[in-house]
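I opened my notebook and went looking for what holds this fold together. Come along and check each entry for yourself.

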Amino acid sequence: MDADPIDLGGYEGPPVRIVDVEGAEDSLPLAKARNDAAASATGDLLVFLDIDCIPSPSLVASYRQALGREDGCFMGEVRYLAIVPPAGEPLDMAKLDRLSSRHVAKSAPPTANYVIEPDHGELWGLSFALTHAAFDRAGGFDERFDGYGGEETDFAMSLKRADIPLYRLANACAYHQYHPIHIPPLQHFDSILSNAERFREKHGRWCMDYWLGQFAEKGLIEWSTATDRIVRLRQPTADEVASSCAPDGTLYS
């Protein structure tokens, strides 16, 4: 999704194929990027992993084993690191485990095998896997969700409509590398509003309520869970966007 070319000079890991995704220079065409990645994949298993996540050595094997037993969408655990591992050094997975923590709002993974997740709204886009056939059956991601926000919750509803169950999986951990975050994410203000409205129009309810509430509290919009629309009052200022950057060490909102 970057305008700049990627240089893999000196890379010696598993085979990598880069797929360029067209989009606005200041946007993140996440739905289209995921669809293009799936379309270019030649295998029967699709693993979606955010770029800032480090897969544990057992992640792919655990996803493959589970999908060999059940037709569904599986989510592995994602643990948050307060550090960025030094580039070029061998990864110490035991150390990453010690230095990482679970998101307080997420359920613990099962200790073995997998368990059903009854709420498709719990789909977490940082790490999940399903078969290529199931992805196609769900219809992929809706590319009308342009930019950041809402596209994975919409995809979760597509999984539900296609009767594709959601599971939490053991032994498929990924480690989210530390980077500064914004609370609320004012840098994605426009796309969050547009995608929230699109979700409401499509599903009859709001998503990203937490962020919309924070935008309303700041006087940027008029909105409540009972309303049918968002009234845009003003754009966040550059100073407001900058000040929304959370203190160093904040792992998640």
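I am reading a predicted model, where local features need pLDDT of at least 70, side-chain atom pairs count only at pLDDT 80 or more, and totals for chains, interfaces and linings use all residues. I number residues from 1 along each chain as its sequence is written, and side-chain values use heavy atoms, with hydrogens and water left out.

**Sheet.** I looked up the strands (DSSP runs of E, at least two residues; helices are H or I, at least four, and both are numbered from the N terminus). I found 5 strands in an open sheet, ordered β1-β7-β3-β8-β6, with mixed pairing; strands pair if DSSP finds at least two bridges between them. The edge strands are β1 (45-49) and β6 (114-116).
I then saw that β6 and β8 (residues 166-169) run antiparallel over 3 bridges, with Ile116 opposite Tyr167.

**Salt bridges.** I counted 16, each a side-chain nitrogen of Lys or Arg within 4 Å of a carboxyl oxygen of Asp or Glu.

- I found Arg34 and Asp50 meeting at 3.7 Å, N to O. Arg34 lies in helix α1 and Asp50 in the loop between β1 and β2, so the pair ties together parts 16 residues apart in sequence.
- I checked burial too (buried is under 20% relative accessible area, exposed over 50%, partly exposed in between; 1.4 Å probe, protein chains only). Arg34 is buried at 12%, while Asp50 is partly exposed at 24%.
- I noted Lys202 with Asp142, their closest N and O atoms 2.8 Å apart.
- I ended on a network linking Glu77, Arg79, Asp97 and Arg102.
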